[in-house]
Amino acid sequence: MAIQTVSTNRSHGGTQGVYRHSSEQTRTDMTFSVYVPPQAGGAKLPVVWYLSGLTCTHANVTEKGEFRRTCAELGLVFVAPDTSPRGADVPGDPAGAYDFGLGAGFYLDATEPPFARNYRMWSYVTEELPKVVAEHFPVDPGRQSILGHSMGGHGALTAALRHPDRYRAASAFAPIVAPSRVPWGIKALGGYLGQDQRAWRKYDTVALIEDGARYPGFLVDYGDADQFLAEQLRPELLAAACEKGGIPLLLRRQPGYDHSYYFISTFMDDHLRWHAARLT
């Protein structure tokens, strides 16, 4: 599980690093970022996983997320993986669209050719990368949480529902909560998993709850000026599923905010403090 250091920078007394390693799951090199706060000093610290949205890499939240000051204060390690495998031999969308293929792995393990060979982001994010991070960074595997944005919000909520004993907290910014029912998700799930929609349900937050998955509670923020709200995000479906399933949901409508990192960075501090209260 060797890793290569791409860069390191001092920030708020801690270290922001970017790293690369050869992934067995995706059969490509994968890049990820890790912020280690100043409290480390040999101690094992809680770790927050952040899953990014469509078109993003690790760099979007690393450069725009404004998480380091709070992580330094609270003693949180912050890990941001990429959103898909990458490379000359990795297939993308045949039409070159942004919402499928490169940058749009949807945090699932593809079963359809030609994507099944490389698009194993579920296993990469939930199994392989945690082992790499635990080997090289001062993290406590018993204190993990997860959050994400948009496609990454979908990934974070489904990971929490499928691993409720692993992630002590889960939250999301503008998540795709029911990909089986919206255009982004239908395209991705159909393309990666085939047309049998029964196979889609384990990668769909609302479907998982309908099928009996439970979690202690979620924090979800969305902006009422989000251009994707009505067609792609549909937070009302999550609210209905959580109410029926008895899952506590703090669903916050933020007036005037859109889908951008201006929105995410504004409420990142709230989310990290919410996570820290459940990680310590």
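**Entry 1: the model.** I am working from a predicted model.

**Entry 2: the sheet.** I began with the strand order and found an open sheet of nine strands with mixed pairing. Reading across, I wrote down β1-β2-β3-β5-β4-β6-β7-β8-β9. Which strands stand at the edges? They are β1 (4-11) and β9 (249-254); each has a single partner strand, so one side of each is left without a neighbour in the sheet.

Entry 3: Handy landmark for the viewer: Leu-219 stands opposite Leu-250 in β9.

**Entry 4: helices on the sheet.** Helix α4 (residues 151-162) packs on the sheet and touches β4, β6, β7 and β8. I noted about 140 degrees between the direction of α4 and that of β6. Next I turned to helix α3 (residues 121-136), which lies across several strands, among them β2 (14-22), β3 (29-36) and β7 (167-173). Helix α3 runs at about 55 degrees to β3.

**Entry 5: cysteines.** How many disulfides are there? I count zero. For Cys-56, the closest cysteine sulfur is in Cys-71, 18 Å away, which is too far for a bond because a disulfide needs the sulfur atoms within 2.5 Å. Are these cysteines buried or exposed? Cys-56 is buried, with a relative accessible area of 6%, and Cys-71 is buried too, at 0%.

Key. Residues numbered from 1 in each chain as written. Predicted model: local features only at pLDDT ≥ 70, side-chain atom pairs only at ≥ 80, totals over all residues. Heavy atoms only, no water. Pairing = 2+ DSSP bridges. Helix = DSSP H or I, 4+ residues; strand = E, 2+ residues; numbered from the N terminus. Contact = heavy atoms within 4.5 Å. Axes fitted to C-alpha atoms, helices over the stretch in contact; angles between N-to-C directions. Buried < 20%, exposed > 50% of the residue type's maximum accessible area, 1.4 Å probe, protein only.
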